[in-house]
Amino acid sequence: MNTQEWKDKLLQLRAETEAALKTAGDSVRPVELDQTSVGRVSRIDAIQQQEMALAAERRRNELMVRIDAALGRIDSGDYGYCTNCGEDIAAARLATDPTLLLCITCAARS
């Protein structure tokens, strides 16, 4: 892939992640603690679902940061190179995760 194709892929991933963050808004709102409207087991289940939604939201926010960093590396001409040793990151690895920072050798060491 050329640089523009990687940029397009990252921008698409960013748009999908932004959409997922917007649609997940209701699932992270505080759980109602009124036992008259929700039973104890249902409330515990709701709290567990809320925690899972919050964890997913944190992962999506972290992904947005990695995407923005990758887009910055594209703009600076550093995309596709290991931030540790400067060697090329294999295209197959980038196809799996276009936000990667390390080549396979450096990733295995860390």
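A: Happy to. A salt bridge needs a side-chain nitrogen of Lys or Arg within 4 Å of a carboxyl oxygen of Asp or Glu. Buried stands for under 20% relative accessible area, exposed for over 50%, and partly exposed for the range in between (1.4 Å probe, protein chains only).

A word on the model before going on: it is predicted, so local features need a pLDDT of at least 70 and side-chain atom pairs count only at 80 or more, while totals for chains, interfaces and linings use all residues. Residues are numbered from 1 along each chain as its sequence is written, and side-chain values use heavy atoms, with hydrogens and water left out. The pLDDT, the predictor's confidence in each residue from 0 to 100, averages 88 over the protein, and 85% of the residues score at least 70.

R73 lies in helix α2, which spans residues 40-76 and, with a mean pLDDT of 90, is the lowest among the elements. Helices (H or I, at least four residues) and strands (E, at least two) are DSSP runs numbered from the N terminus; this protein has four helices and zero strands. Leaving out residues up to four places away in sequence, R73 touches D78, Y79, T83, T99, L100 and L101, where a contact means heavy atoms within 4.5 Å.

W6 sits in helix α1 and Y79 in the loop between α2 and α3, so the pair ties together parts that are 73 residues apart in sequence. Both partners are covered: W6 is buried at 6% relative accessible area, and Y79 is buried at 10%.

Elsewhere in helix α2, charged side chains do find partners. D75 meets K7 in a salt bridge (3.4 Å, N to O). Because D75 lies in helix α2 and K7 in helix α1, this pair ties together parts 68 residues apart in sequence. D75 counts as exposed at 59% relative accessibility, whereas K7 is partly exposed at 25%.

D68 forms a salt bridge with R14, the closest N and O atoms being 2.6 Å apart. R14 lies in helix α1 and D68 in helix α2, so this bridge ties together parts 54 residues apart in sequence. R14 also meets E18 at 2.4 Å, N to O; these two are four residues apart in helix α1, about one helical turn. Together, R14, E18 and D68 are linked in a network of salt bridges. E18 is partly exposed at 31%, as is D68 at 35%.
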